[in-house]
Amino acid sequence: EVMGRAFVYVILGGGVAAGYAALEFVKRGVSSGELCIISDEPFAPYERPALSKGYLLPEAPVRLPSFHTCVGAHEERLAPKWYKEHGIELVLGTRVKSADVRRKTLLTATGETISYKFLIIATGAQALKLEEFGVSGSDAENICYMRDLADANRIVDVIHSSTDGNAVVIGGGYIGMECAASLVINKINVTMVFPEVHCMPRLFTPKIAAYYEEYYMAKGVNFIKGNVLSSFGIDFNGKVTAVVLRDGTRLPADMVIVGIGIRPNTSLFEGQLTLEKGGIKVNGMMQTSNSYVYAVGDVATFPVKLFGEIRRLEHVDSARKSARHAVSAIMEPEKTGEFDYLPFFYSRVFAFSWQFYGDNAGEAIHFGDFSGSKFGAFWVCKSHLVGSFLEGGTKEEYEAIARATSLKPTIEDAAELGRLGVDFALAV
Ligand code: FAD
């Protein structure tokens with residue numbers, strides 16, 4: 001039998017949530033040798049959102065170590081040295097292949113058994129693959145996904161060999177929109193293909209989507225909506241040269257980026273922990289159905305107090321905050337209340353920057369100048385403000401919409417709300 005190691009705390013996964021959890025452990029006085037982080041990526045935790053933004057820029061792209069966590073929240077940057085200095089064991093490039101929550105052990109692909117007293121599951125999610133939708137040939141070297149640094153490096157390489165060429169971006173969500181913008185900045189011709197009627201369909205209203213789409217089109221991006229990929233044209237080297245759509249349209253392609261959604265990495269715990277809404281179900285302390293096991297970030301389905309229901313979110317702010325909450329609950333349970341989280345998403349493309357708080361439920365009321373650079377929407381559900389979107393706001397304005405949304409004020413006059421716009425939030 002292979003020798004094993006034992007830790008008080010083990011974080012499984014070394015992404016965003018792991019980095020913020022580590023910082024919180026240190027702030028709360030973890031001792032040297034107590035904490036271990038296991039990750040199949042060969043890097044210390046980093047800010048994943050940088051990959052589709054600064055990482056892909058043609059001029060002065062960001063590279064590690066500049067975007068290790070926790071710079072994204074203006075906190076300390078935790079380079080590998082930091083972990084060493086604090087006696088935190090970073091087990092990198094190591095996949096955990098099975099878990100036993102009854103015995104409190106993890107088995108790594110290298111054959112080591114690592115045992116814990118408390119486990120934090122922070123395994124995140126993986127990109128959905130075209131194969132799952134019955135499209136074959138997607139293992140070609142110029143078909144790219146975007147989830148981790150290895151994916152981003154591959155995209156950088158493919159960009160370099162596609163100068164002045166054509167890219168097809170499959171999917172109109174965050175990944176598609178951010179990658180498309182980066183490709184345009186790299187002077188690559190972009191066609192975006194997605195089945196919905198507009199981009200970012202899970203969040204944007206048609207009016208908000210139209211604003212960004214017009215800008216993308218002015219930058220030369222071609223949108224093909226209501227259509228999906230059906231197959232690839234492949235040359236004798238196995239390289240994709242064209243994308244064929246369901247209606248027969250054939251798009252020449254030097255590269256393809258696929259951003260069609262993610263699947264949470266729950267498989268190690270299926271049959272051992274309660275799952276719900278595709279994630280590992282936790283309570284307000286981020287605790288799973290096994291009281292020694294916590295789950296945070298993209299993999300966790302947690303109670304969102306504000307909405308009175310449980311949700312799984314796929315956004316960086318929730319990964320950061322849920323991770324810190326779990327550590328607080330583990331180390332100081334009597335001082336830790338239920339996680340009270342206001343959902344927050346953001347994106348940056350070209351010179352745009354937007355923030356969204358709350359829930360996009362009910363009726364959307366637009367405000368601001370849609371022919372200018374500052375506009376947004378409020379969502380009103382059952383006469384309460386439940387969600388706010390703002391493009392081009394100041395720090396104070398973003399804080400104001402966040403605060404207003406968290407208070408869920410009663411809205412009597414929707415038209416008035418639309419006229420007031422950000423001023424409504426500033427006055428709440
Ligand atoms: P992850 O950061 O994915 O970390 C999970 C880690 O676990 C990975 O290192 C993985 O390799 C490891 N792992 C998984 N299984 C195992 C195993 N069996 N053994 C060992 N290790 C394992 N959100 C926003 O709000 N705004 C944005 O602008 C934004 N941009 C993004 C851009 C990109 C390109 C991507 C991919 C995501 C973006 N997100 C954004 C989402 C955000 O990055 C995620 O919500 C966040 O990373 C989730 O953190 P996590 O720690 O739960 O998971």
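Me: Leaving aside its neighbours within four places in sequence, which residues is Glu-24 in contact with?
Reply: This is a predicted model: local features need pLDDT of at least 70, side-chain atom pairs count only at pLDDT 80 or more, and totals for chains, interfaces and linings use all residues. Numbering starts from 1 along each chain as its sequence is written. Two residues are in contact if their C-beta atoms, placed from the backbone, lie within 7 Å. Beyond four places in sequence, Glu-24 contacts Ala-323, Arg-324, Val-327 and Ser-328.

Me: Is Glu-24 buried or exposed?
Reply: Glu-24 is found in helix H1. Helices (H or I, at least four residues) and strands (E, at least two) are DSSP runs, numbered from the N terminus. A residue is buried if 20 or more other C-beta atoms, placed from the backbone, lie within 10 Å of its own, exposed if 12 or fewer, and partly exposed in between. Glu-24 has 20 C-beta neighbours inside 10 Å, so it counts as buried.

Me: At roughly what angle do the axes of H1 and H6 cross?
Reply: Axes are lines fitted to C-alpha atoms, for helices over the stretch in contact, and angles run from 0 to 180 degrees between N-to-C directions. The axes of H1 and H6 come within 8 Å. They cross at roughly 35 degrees.

Me: How do the residues of the contact of H1 with H6 divide by class?
Reply: H1 contributes Val-16, Ala-17, Tyr-20, Ala-21, Glu-24 and Phe-25, while H6 contributes residues including Val-316, Ala-319 and Arg-320. Ala, Val, Leu, Ile, Met, Phe, Trp, Tyr, Cys and Pro count as nonpolar, Asp, Glu, Lys and Arg as charged, and the others, Gly among them, as polar. The contact divides into 10 nonpolar, 2 polar and 3 charged.

Me: Which residues are closest to the ligand?
Reply: A residue is near a molecule if its C-beta atom, placed from the backbone, lies within 6 Å of it. The ligand is surrounded by 37 residues. By class, this shell has 18 nonpolar, 11 polar and 8 charged residues. The closest are Gly-13, Gly-15, Ala-17, Gly-124 and Gly-297.

Me: Which helices and strand each supply at least two residues of the shell around the ligand?
Reply: H1 (16-27) and H6 (316-331) also meet each other, their axes coming within 8 Å. Each supplies at least two residues of the shell. With them, the elements are H1, H4 (174-185), H6 and E22 (344-349).

Me: What is omega near for the peptide bond from Thr-69 to Cys-70?
Reply: Most peptide bonds are trans. The bond from Leu-64 to Pro-65 is cis, with omega near 10 degrees. The bond from Thr-69 to Cys-70 is cis, with omega near 15 degrees.

Me: Why does Cys-70 count as buried?
Reply: Cys-70 is in the loop between strand E2 (35-38) and helix H2 (80-85). Not counting residues up to four places away in sequence, Cys-70 touches Gly-19, Tyr-20, Leu-23, Glu-75, Glu-76 and Leu-78. Cys-70 is buried because its count of other C-beta atoms within 10 Å is 20.

Me: How far apart in space are Cys-70 and Gly-19, C-alpha to C-alpha?
Reply: The two are 51 residues apart in sequence. In space, C-alpha to C-alpha, Cys-70 and Gly-19 are apart by 6.7 Å.

Me: Where does Lys-382 lie?
Reply: Most residues other than glycine have a negative phi. Phi of Lys-382 is positive, near 50 degrees. Lys-382 counts as exposed because it has 10 C-beta neighbours inside 10 Å. It lies in the loop between strand E25 (375-381) and strand E26 (384-391).

Me: What does Lys-408 count as, with 17 C-beta neighbours inside 10 Å?
Reply: Lys-408 sits in the loop between helix H7 (395-407) and helix H8 (414-420). Its phi is positive, about 45 degrees. With 17 C-beta neighbours inside 10 Å, Lys-408 counts as partly exposed.
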